[in-house]
Amino acid sequence: MSAPTHPEVKELNPVDFIQLQEYIEYCRLKVKDVLREFDADGRLARHRHGECINEEGFRLFLKTYLEVEDFPVDLCQRLFCSFQNSEPTQEDSAKEVFLKDVSCYFSLLEDGQPRDKLEFAFKLYDRDGNGVLDSSEVDRIIAQMMHAAEYLGWDVSELRPVLKDMMTAIDADSSGTVSLEEWVEGGMNNVPLLVLLGLKTAYLPAHCGGLKPQTGLCRWVWPLQQCQGLPLGLFLATNGHLKPGVHGFSPLTVAACFFSVLLAMCHGMTQKDGQHLWKMKHFNRPVYCNVCQSMLLGLRKQGLCCTCCKYTVHGRCANRNPAPCTRTYVKSKKETGVPTHDWVSGNCDSRKCEKCQKKIKSLQGLTGKHCVWCHTMRHDECADQEPTECTCGPLRDHILPPWAIYPVIKERPNNVKNGSSGSADDSELNTTPDGQVLQISPVPNTHPLLVFVNLKSGGKQGERVLHKFQYLLNPRQVHNLSNGGPAPGLSFFRNLQDYRILVCGGDGTVGWILDAIDKANLLVRPPVAVLPLGTGNDLARCLRWGGGYDGEDLSRILKEIEGSSQVLMDRWTVQVIPDENQEKGDPVPYEIINNYFSIGVDASIAHRFHTMREKHPQKFNSRMKNKLWYFEFATSETISASCKKLSESLTIECCGTPLDLSSLSLEGIAVLNIPSMHGGSNLWGETKKCEAKGMTSQKEPDVIVDPEVLKVTSQDLSDRRLEVVGLEGAMEMGQIYTGLKSAVRLAKTSQITIRVKKALPMQIDGEPWMQPPCTIHITHKNQASMLMAPQGKSAGFFNYK
């Protein structure tokens with residue numbers, strides 16, 4: 001790396017990368033969108049000189065991509081310096097960086113499919129555009145990897161030849177150049193490259209200890225693992241912050257540990273049966289290693305425990321060929337329907353044997369066995385007795401046991417073979433290592449559960465929930481939405497006639513899944529339950545699943561899903577048509593309304609909150625902090641009253657009937673589909689059952705605007721109607737939240753047209769934006785099948801109790 005242009009600017013450090021990741025986590029634009037601004041007709045074209053951009057262009061790249069006005073100047077300078085060429089040929093070159101290097105680096109941090117990222121990275125590094133990577137272009141990729149290693153504080157003197165060997169292995173035909181096909185094929189099986197492309201995983205499969213020294217990278221790691229007894233769990237034990245010297249290992253050993261983890265992750269991506277998903281764990285009772293059978297000792301995290309089967313080992317024993325993890329499917333269709341226990345030995349101390357009902361006593365070693373699927377425990381001698389058939393225990397209704405999944409040889413479509421379609425990614429997670437496609441033959445009289453987990457929701461709640469469900473259910477039922485979104489899971493279950501979906505995340509995650517169900521053209525639209533993570537969660541509140549997950553026993557939640565009832569929920573299409581000759585505003589976040597749409601005071605508060613969170617994500621890392629910030633913005637909005645006299649700025653028509661707002665002093669308008677907004681506010685208010693009885697026997701008209709009739713009209717998720725209410729100000733919103741009053745009921749309608757005369761803040765399902773003058777049409781789209789929790793699951797003041 002060259003000397004920085006600013007002598008006072010320090011080197012990048014790990015804190016910088018953490019801060020940058022936090023910014024990127026909240027940005028909505030893609031790198032490819034920002035690159036268009038540097039084209040000849042783009043607004044940033046003047047900052048581009050050939051293949052390079054100057055420092056001001058780099059600053060504007062960050063500002064546009066991250067959508068922040070006050071990105072830290074010192075961090076911007078350090079980032080700019082880090083991209084500079086190591087051998088500048090002229091003085092001015094030190095003040096410019098290659099746009100391809102910048103865009104490639106940031107694209108690597110974005111979520112997406114590995115194949116897409118590999119193709120995008122190939123185009124960026126193919127500087128001459130000839131369709132192959134020559135030696136100079138390959139050297140640039142190696143420099144990128146070296147750069148990452150340098151910031152980990154490693155001695156990289158021995159890394160370059162290893163990385164060179166790795167890139168040489170990708171050149172399958174030994175032609176001296178790497179084609180796009182070789183790049184994609186080699187990259188999909190090359191974890192260091194995939195890690196640079198932004199893929200994340202916390203899992204360390206057990207079989208990494210048995211790697212064969214096939215490539216240069218393996219040759220480099222293999223002797224260190226075998227000769228020095230390097231515990232692969234150490235990297236995870238330090239949460240990825242293993243440092244040379246601090247933990248007693250040389251820089252080369254630390255590097256070996258890191259790449260061992262990466263190689264192990266590579267093998268884990270195939271999701272082959274028999275591979276453990278290790279997680280460092282603290283045990284508060286005596287636990288014994290399943291490999292060496294001695295006790296795990298230590299004050300904190302004493303060893304590794306498999307997420308799926310609870311097989312437990314010392315960190316040093318993970319490399320000693322432990323028994324394979326439980327199977328997740330059978331090898332042929334003939335084996336389906338044959339339920340058998342999958343026993344794991346040990347760590348059943350003080351539990352009761354399911355067979356003889358006697359206590360399982362500790363013998364200072366591995367004691368007893370537990371079944372992975374029914375979770376029953378038995379003495380060693382009782383495990384071999386009848387009955388040998390596994391019932392899958394209390395969660396039988398939800399589980400897809402291995403004897404319900406089998407592989408078939410299936411002809412792949414041409415577009416999948418060529419790797420040119422997203423459908424290839426949809427099926428990769430549902431195939432065996434030898435290319436067979438997994439199919440489901442469900443256990444009769446069950447309702448298999450398909451679980452989607454958003455790891456970004458609720459801090460670290462998503463990760464904990466993911467691990468727990470991987471143990472309670474078949475791991476193939478549990479999908480991390482960061483790995484390809486919902487498509488792989490929906491594709492795997494698409495031929496089933498009777499199954500349920502559980503979405504673990506916020507309201508936005510639920511909307512994502514409902515959209516994916518629409519686009520998947522499924523034979524049957526499965527009902528959807530919600531495990532709310534994070535804050536808000538208005539839809540989950542309405543369906544009685546509560547406002548947030550507080551660490552409850554997931555087995556109990558699964559039993560509640562089993563006893564839940566199906567309800568239909570209306571979904572609405574929103575079309576925003578800007579007025580002619582108006583400046584382009586912020587992008588509209590959604591085209592579908594699941595919860596609510598609003599204009600004015602509440603959207604203004606949400607927009608301020610959203611803008612501040614994008615600028616300073618580190619200030620919004622807890623539920624309590626978020627509430628305090630929201631209170632501050634609500635207070636400032638009360639003082640400023642930025643949306644005063646809203647009726648002068650818009651008109652509303654409900655099924656062609658205009659609403660008269662002239663006599664009302666409103667600062668906001670809300671269009672409601674569900675009886676919850678802003679994390680539990682019931683804007684429509686309660687309607688007494690005795691008052692509503694007279695309306696139930698009559699067919700409801702398309703529009704109701706009569707105030708007397710509106711008084712006795714209740715909300716319904718599935719009545720194909722929207723409720724329109726007026727908000728008098730931020731102070732009144734606080735009163736509504738505490739239940740002291742409700743908003744002004746304006747109408748109940750099946751269709752709405754809103755014409756806005758000036759720029760106003762708006763929001764859809766909690767996602768705000770600023771909208772210039774426009775016309776908004778809201779019409780009914782369809783109905784989604786949802787699951788409502790049994791009575792008593794969640795207290796609240798909604799009609800569904």
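Helices here are DSSP runs of H or I with at least four residues, and strands are E runs of at least two.

**Entry 1: the overall picture.** I'm working with a predicted model, so I'm keeping that in mind throughout. I started with the elements and got 25 helices and 30 strands for the protein. Next I looked up burial: of the 801 residues, 52% are buried. Then I checked the contacts with a separation of 6 or more, and 72% of them link residues 24 or more positions apart.

**Entry 2: a charged patch.** Which residues gather in a patch of positive charge on the surface? I listed Lys279, Lys281, Arg285, Arg351, Lys460, Arg464 and Lys468. Two elements give two or more residues to this patch: strand 6 (278–282) and helix 16 (461–472). I picked out Lys281, which has its place in strand 6. Is Lys281 buried, partly exposed or exposed? Its relative accessible area is 34%. Buried would need under 20% and exposed over 50%, so I wrote down Lys281 as partly exposed.

**Entry 3: helix 4.** I turned to helix 4, residues 73–82. How many of its ten residues are buried? I got eight, so the rest of the structure largely encloses this helix. The buried ones in helix 4 are Leu75, Cys76, Gln77, Arg78, Leu79, Phe80, Cys81 and Ser82. I noticed that Arg78 is on that list, along with Gln77 and Ser82.

Note on methods:
Residues are numbered from 1 along each chain as its sequence is written. This is a predicted model: local features need pLDDT of at least 70, side-chain atom pairs count only at pLDDT 80 or more; totals for chains, interfaces and linings use all residues. Side-chain values use heavy atoms; hydrogens and water are left out. Buried means under 20% relative accessible area, exposed over 50%, partly exposed in between (1.4 Å probe, protein chains only). Contact means heavy atoms within 4.5 Å. Patches are made of residues with over 30% relative accessible area and no salt bridge: like charges are joined within 9 Å, nonpolar side chains (Val, Leu, Ile, Met, Phe, Trp, Tyr) within 5 Å. Accessible areas come from the Shrake-Rupley method with a 1.4 Å probe; for residues, only the protein chains shown count as cover. A salt bridge is a side-chain nitrogen of Lys or Arg within 4 Å of a carboxyl oxygen of Asp or Glu. Lys and Arg count as positive and Asp and Glu as negative; His and the chain ends are not counted. The place of a charge is taken as NZ of Lys, CZ of Arg, CG of Asp or CD of Glu.
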